[in-house]
Amino acid sequence: MSPSSSRLTIPQLPVSLTTLRTPTRLTNLTKPQFLTLTLDLLRTTLLLLFLLRLTTKTFLQLRGYGLVGTATQFYRYVRRRCYTVFLRLPFVAPKVKAELDKTLLELEKKLVPTGPGVKVYSTLPEQGWSVEDVRGELDGISGMEHTSWETGRVSGAVYHGGAELAGLQEKAFGLFGVSNPIHPDVFPGVRKMEAEVVAMVGGLFNAPAGGAGVSTSGGTESILMACLAARQKALAERGVREPEMVVPETGHAAFRKAGEYFGIKVHLVACPAPSYRVHIPSVARLINSNTVLLVGSAPNFPHGIIDDIPALSRLALKGGKVAGAKGAINLHVDCCLGSFLMPFLARTGFPCPEFDFRVPGVTSISVDTHKYGFAPKGNSVVVYRTKDLRRYQYYVCPDWSGGVYASPGIAGSRPGALIAGCWASLMRMGADGYGDTCLKIVSARQRIEDAVREHEGLRHSLAVVGKPLVSVLAFHARPAASPENRVDIYDVADGMSRRGWHLNALQDPAAMHVAVTLPIVAAVEDLVRDLELVVGECRGKVQEGKKGDAAALYGVAGALPDKSIVRELAGGFLDTLYKT
Ligand SMILES: *Cc1c(COP(=O)(O)O)cnc(C)c1O
């Protein structure tokens, strides 16, 4: 084949490639010619690499989300952009701002007490107060008007283990108030207790012999650390520089936070009815060579549903081949909420699917000792299958002028008092104590669930979300309800608020939930009674237009294509928290 014919058959090829096919001998080239050739070659290579990347990305996008899914995503994106432009129009923007300011002002009125009876201290007192004065004022502040968790009116939030346990924690705070585990030589007792707490939690979740963990400041930090460890491991062992993780839509917001903080792309997977568990085939499609972590909840916060951990485990173990990983992909089980209930379900005689380290693909589990472990707030544990994996969450600075610096997690100094409080709680409760609370809490959830499923006043208007097994019960308005039985679930939420209950409103789909705690156990009959009353009031009154608080917030938030207004509002809410 002559050079000219080869040029004819592939006319689209970049010049440099066709040039290469000509039998010109490189040695015959002048210096400028040689330079041009090299540059051309470089340009072509870059172009090809770019095209390869684009093709791979397109392929992965289509495989992960399908044609319809991708088109939907694109449509949503365009709609969102249009809406953003609309909101910025000169005759719209001031109105939006005025509405926002009004809403935030109302919020401020609710959250920040003012008036003649309220004393505000926003500057340091010139002279320190007497001990009696401080004590008196503390009493006053703790008595401020609030939703009564003490009488079991608050869903979740206060995972209280009773007055006696609180007294014990106070004792621990007093003894270890100054302690800081960053100085193990100064506070050997705190180091010992921390190691023991982690070991006890690991044992409860059947960590294997080589397992290891750390304690953290809460569920969010435990999750952040598990994501970080997975990212660092994949970077070190597989060279993954554009990490991705696959998270159930119902997974805790902390995973999305980790995605933002640590530059991990988050793929959200739907958890469709009737099981409301994460859709396993969709997870499978989203795994690729950049995947560093799969996530399952046991159970999740919104609906209290436990994802299919064994199925996720199979994907994680097999995913290693797909992803070109050495070994499997990491799988994190979020047991923050499940904490000290999940390990006691089976022992207490309740049904319980496999969820812990006995499932071979599970590599890390987050456990909030400050939830159903009844430890003081600011306590959680993340357990890893191996010590090597734990290493990847450590931070070490070998060359700091302040000395070699090493810390296990985000914080430097940490409150030893909280660790002491946690240790004391675990030791006081014991397996028998936790078994007992598990029985009470899960039975109470079952009681409310039975009422929603069976009571005449409730079953025609409400429907339970999935098949909850632990402490959370979620329900939504029965979709096929007859007009006289139809309710707006957010009106029900508002009605319960008016009766002094603080339950959670959920979105996508519109629903509400109760996370049963020990204080709620004692109030469960009141809850069922009030729910029946409120549903009775709301039945047949679904109206367009006029909305209550919850309906206004979630109805509007759900309908907005662009969430910038919600972001603004939420940001304003956070600002309000720091108003004196
Ligand atoms: C509470 C919770 C977390 C994280 O909780 P923190 O508020 O940071 O302690 C994570 N996952 C689930 C399912 C939770 O309920």
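A residue is called buried under 20% relative accessible area, exposed over 50% and partly exposed in between, with a 1.4 Å probe and protein chains only. The views below show a predicted model, in which local features need pLDDT of at least 70 and side-chain atom pairs pLDDT 80 or more, while totals for chains, interfaces and linings use all residues. Residues are numbered from 1 along each chain as its sequence is written, and side-chain values use heavy atoms, without hydrogens or water.

**View A. A nonpolar patch on the surface includes L51.**
The patch consists of L47, L48, F50, L51 and L54. Together these five residues have about 470 Å² of accessible area (Shrake-Rupley method, 1.4 Å probe, only the protein chains shown as cover). Patch residues have over 30% relative accessible area and no salt bridge, with nonpolar side chains (Val, Leu, Ile, Met, Phe, Trp, Tyr) joined within 5 Å and like charges within 9 Å; a salt bridge puts a Lys or Arg side-chain nitrogen within 4 Å of an Asp or Glu carboxyl oxygen. L51 belongs to helix α3, residues 31-88 (helices are DSSP runs of H or I, at least four residues, and strands runs of E, at least two, numbered from the N terminus). L51 counts as partly exposed because its relative accessibility is 39%.

**View B. The second largest pocket has a volume of about 480 Å³.**
Two or more lining residues come from each of α3, β3 (265-269) and α10 (280-286). Helix α3 gives the most, eight residues. The lining has nine charged, eight polar and five nonpolar residues (nonpolar: Ala, Val, Leu, Ile, Met, Phe, Trp, Tyr, Cys, Pro; charged: Asp, Glu, Lys, Arg; polar: the others, Gly among them). On a 1 Å grid over the protein atoms alone, a pocket is an open set of points with protein on both sides within 12 Å along at least five of seven lines, a cavity is a set where a 1.4 Å probe fits but cannot get out, and lining residues have an atom within 4 Å of a point. Points are joined across faces, edges and corners, and probe spheres set on them fill the volume.

**View C. The largest cavity has a volume of about 70 Å³.**
The model has four cavities of 30 Å³ or more. Ten residues line the largest cavity, and K233, A234, R238, A328 and N330 lie nearest its centre. Helix α8 (residues 219-238) supplies the largest share of this lining, five residues. By class, five of the lining residues are nonpolar, four charged and one polar.

**View D. The second largest cavity has P299 in its lining.**
This cavity has a volume of about 60 Å³. Beside P299, its lining holds H252, S297, N300, F301, D334, C336, L337 and K371. Four lining residues are nonpolar, three polar and two charged. The peptide bond from A298 to P299 is cis, with omega near -5°. P299 sits in the loop between β4 (291-297) and α11 (309-322).

**View E. The loop between β3 and α10 contains P274 and Y276.**
The bond from A273 to P274 is cis, and its omega is near 0°. Y276 has phi near 60°, a positive value in a residue other than glycine. With a relative accessible area of 12%, Y276 is buried.

**View F. D508 lies in the loop between β12 (504-506) and β13 (511-515).**
Phi of D508 is positive, near 50°, in a residue other than glycine. D508 counts as exposed because its relative accessibility is 63%.
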